[in-house]
Amino acid sequence: MAPSLLGGFTKSLAMTVLSEIGDKTFFAAAILAMRYPRKLVLAGCLTSLTVMTALSVSLGWVAPNLISRKWTHHVTTLLFFVFGILSLWEGFKEDGDSEELAEVEAELDGNFKSNKAESKSKSKANDDKKKQQRPFVLQFFSPIFIKAFSITFFGEWGDKSQIATIGLAADENPFGVVLGGVLAQALCTTAAVMGGKSLASQISEKMVGLSSGVLFLLFGIMSYLSGPEGEL
């Protein structure tokens, strides 16, 4: 039986929401939204996450064409169990404080201050010259949009949620995985941008870690029971 669109959608939606809430890119979006126009930050983050989701699903969709579906299914099942155990371990280790929020804020503060000091040291003549020599891409996109896009993209690259999305797309309907992933990213990022630091600071990383760990293990058990062909 072929993987269903609804199955891929619901799994991707649930997995992405629990993976992204309290994630480094979630905190980065919240902090950037306090310093720059929210519309530009939201547009940059959402565009980046949509591209990342589409890229991850494409890699997962190609995988069964390179190796047998039986092996991709076994690898996906193994990944779910590994990520479940790791998430539970991280959740149990958390002491309740939002250490990742503080870490992301400190990192962005350093970049923000260095950029501010650099901009003050340059004269107006140099600024005009810089505008004329602005890269081709920046002529069409705001620097704030590019900043939000790049921070989010490289923050997600190689992340647990990206690898899980690749594995999920290899075993489920890729269109359902894309739709569920993009919707979940849109919900989480919009909440981060609109809620800002006040919302981010209220998130319990411990509970998020434990919840995502249980979900990953549940997906692993479902994948193991379903078998490579999706039949119980």
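How far does helix α7 (residues 143-156) reach from its first C-alpha to its last?

1. Helix α7 has 14 residues and reaches 20 Å, close to the 20 Å expected at 1.5 Å a residue; the expected span is 1.5 Å times one less than the number of residues. Helices here are DSSP runs (H or I, at least four residues), numbered from the N terminus.

2. The model is predicted: local features need pLDDT of at least 70, side-chain atom pairs count only at pLDDT 80 or more, and totals for chains, interfaces and linings use all residues. Residues are numbered from 1 along each chain as its sequence is written, and side-chain values use heavy atoms, with hydrogens and water left out.

3. On confidence, pLDDT (the predictor's confidence in each residue, from 0 to 100) averages 78 for the protein, and 73% of the residues score at least 70. Helix α3 (residues 38-66) has the highest mean, 89, and helix α6 (residues 124-132) the lowest, 48. Over residues 117-125 pLDDT stays under 50, and the model has two contacts (heavy atoms within 4.5 Å) beyond four places in sequence for them.

4. Back in α7, the residues Phe 145, Ala 148, Thr 152, Phe 153 and Glu 156 are buried, meaning under 20% relative accessible area with a 1.4 Å probe, protein chains only. These buried residues line one face of the helix, because seen down the axis of α7 they fall within an arc of 120°; the arc is that of the directions from the helix axis to the C-beta atoms. Their cover includes α1, α2 (24-35), α3 and α8.

5. Helix α1 has 16 residues, which should span 22 Å at 1.5 Å a residue, and its end C-alpha atoms are 22 Å apart, in agreement. Its buried residues are Gly 7, Gly 8, Lys 11, Ser 12, Met 15, Thr 16, Ser 19 and Glu 20. They cover an arc of only 145° around the axis, so they sit on the same side of α1. Just after α1, Gly 22 has a positive phi of about 85°.

6. The structure holds one salt bridge (a side-chain nitrogen of Lys or Arg within 4 Å of a carboxyl oxygen of Asp or Glu). It joins the side chains of Lys 11 and Glu 172, at 2.8 Å from N to O. Lys 11 lies in helix α1 (residues 5-20) and Glu 172 in the loop between α8 (160-171) and α9 (174-200), 161 residues apart. Both Lys 11 and Glu 172 are buried.

How values were computed: Helix = DSSP H or I, 4+ residues; strand = E, 2+ residues; numbered from the N terminus. Buried < 20%, exposed > 50% of the residue type's maximum accessible area, 1.4 Å probe, protein only.
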